[in-house]
Amino acid sequence: MLRLLLPLRFRVTLALAATAIAGCTGQLGDRDSSQTGGDGDGGGVTLPDGTESVSLLPARIRRLTNAEYAASARALTRTATDPSGSFTPDSRQDGYTVNDAQRVDPVLAKQLAASAEALAAEVKGKLAEFAPCADQGAQAESCAADFIRSFGGRAYRRPLDTAEIDALLTVYRVGAKGATYADGIELIARAILQSAGFLYLTEIGDGSSGAALALTPYELASSLSYLITAGPPDDALLAAATTGALSTPEGRETEVRRLLQTSSARDRIVRVVREWLGIDRIAMTAKDSNIYGEFAGVRPSMELETAAFVNEVLSNATGTVGELLGADWSVLDEPLKGFYGAPGVGRVSLSNRRGLLNQGAFLAVHAHATETAPVLRGVTVLRRVTCNDIPSPTELNINVVPPVPDPSKTTRERFSIHSTDEECRSCHNYIDPFGFSFEQFDGMGKLRDTDNGHPVDSAVTVAMGAEIDGAYADSNALAQALSTSKTVRSCFARQVFRASAGRSGKSAAESEDSFLRAWEAAPEAEQGKIVETLVTYVKSSLFSHRRPQ
């Protein structure tokens, strides 16, 4: 079990505690098969839902993302601040911030220490609320123990054991010695907020033997809550853990559907959709103001549009990936109404901007500061929407020389040179049709009729050996085809798994394929639904079990 740094002697060096956090990721790998319940015969088992144990993700621990840390700190301390606002950005795996590659480097350790100090000071300032004590003399340690059980239990998302309580009481004594009860409570809070129990989620089970490790009830509660709401489990979920309800697929489904009704769950889904298409980068996207002077004024509106649109799809539309990609409407504010030339604000019809791919955020992010980027747009659709893992030029040892600027040609005419190059042709025959279909939009996502004084040509023919093959007038026609594609639905299910499981690539290939088989077993009418895809994952053994490392 992960523990607070021990022993503590005459004083607590919180910097050392933070350093210890960084080493927590190594603890799991050091455990031998007797500790993890390894199957000594090397065999596997088939779980009740048909999942093979060899396809399970490995037992592991995972650091909270910045967003998860902020939600956890707010729930724990009731702060009104953004506790992770100044943190270094999360590392990403296949574009997603939720992943088991997150680490605590020295820079982040200092930021965590500073955040813990500020939050602990808030706790100290609300002592009567967090750690009331009628007699701060004789009863001080008893009151501190009560605070450790309540505050520590909520921080660790499970009841603390005796050794953990004793360790934190030692912290209290150090803080209160020669000082006050409040100082001791403050030091406890600082220690907890930098502890591995708060900063990491465990998926290691209870240490029982076998080829498949069942997550503990509290691990299930935390995993489920962070998956759906990006925050800690609420009282109802912890109660379900206590009764054992989360050990069954039906019990987990009940809790998932309850949590999916919350605003936190919708915010989490918005984040997943943004990371899926890379449009979470819109807030950091910049354009040359000499060319795209309007962009800075509408960029915040583009960010708002994505959230409003996804929420509307979830709450008042079909809730499907088909709607995300093919909707002939969006939700606009006043600045974006003018930019798009739309008939109004709120939910409005936009037949010339179907779905997320034709909204300003996607178009602006996947473009250059001074012009469009058909290659960026095309590669993003291929990789993220159709799951065609087309290799990069670096992987193929190809030195890319961008087409030279030529004011006498359109962007499409300049970039068409790729399809005539023997080294580039094999990939660009797939990339270019997707990328060129967006050429009716400029580099900041505004509709245009001409490029360098010439008529824009957005007509394309897709030929990738899938049901979306065909001729399309532009990206709107293509988006409509993508929205009804089985290939796209299947790809989206894979993307949901990657964003949920916290691992992708070759190391998770068997797990991903196993999930896809479970997803394919669901009724076809449910397969494109975002919520039902999440429910399928949570009900499966891929969520509730791990294999020993």
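Guide: What follows concerns the disulfides and the cysteines around them. This is a predicted model, in which local features need pLDDT of at least 70 and side-chain atom pairs count only at pLDDT 80 or more, while totals for chains, interfaces and linings use all residues. Residues are numbered from 1 along each chain as its sequence is written, and side-chain values use heavy atoms, with hydrogens and water left out.

A search of the whole structure finds two disulfides, a disulfide being a pair of cysteine sulfur atoms within 2.5 Å. One joins C133 to C143, with an S to S distance of 2.1 Å; this link is right-handed, with 75° about the S-S bond. C133 lies in the loop between α5 (127-130) and α6 (140-156), and C143 in helix α6, ten residues apart; helices here are DSSP runs (H or I, at least four residues), numbered from the N terminus. C133 is buried at 13% relative accessibility, where buried means under 20% relative accessible area (1.4 Å probe, protein chains only). C143 is likewise buried, at 10%.

In the other disulfide, the sulfur atoms of C387 and C491 are 2.1 Å apart. C387 lies in the loop between α18 (374-385) and α19 (411-415) and C491 in helix α22 (residues 486-501), so the pair ties together parts 104 residues apart in sequence. The link of C387 and C491 is right-handed, with 80° about the S-S bond, and C491 is buried at 1% relative accessibility.

By contrast, the sulfur of C424 is 8.2 Å from its closest cysteine sulfur, in C427, too far for a bond. C424 is buried at 16%, and C427 at 14%.

Methods:
Helices (H or I, at least four residues) and strands (E, at least two) are DSSP runs, numbered from the N terminus. Buried means under 20% relative accessible area, exposed over 50%, partly exposed in between (1.4 Å probe, protein chains only).
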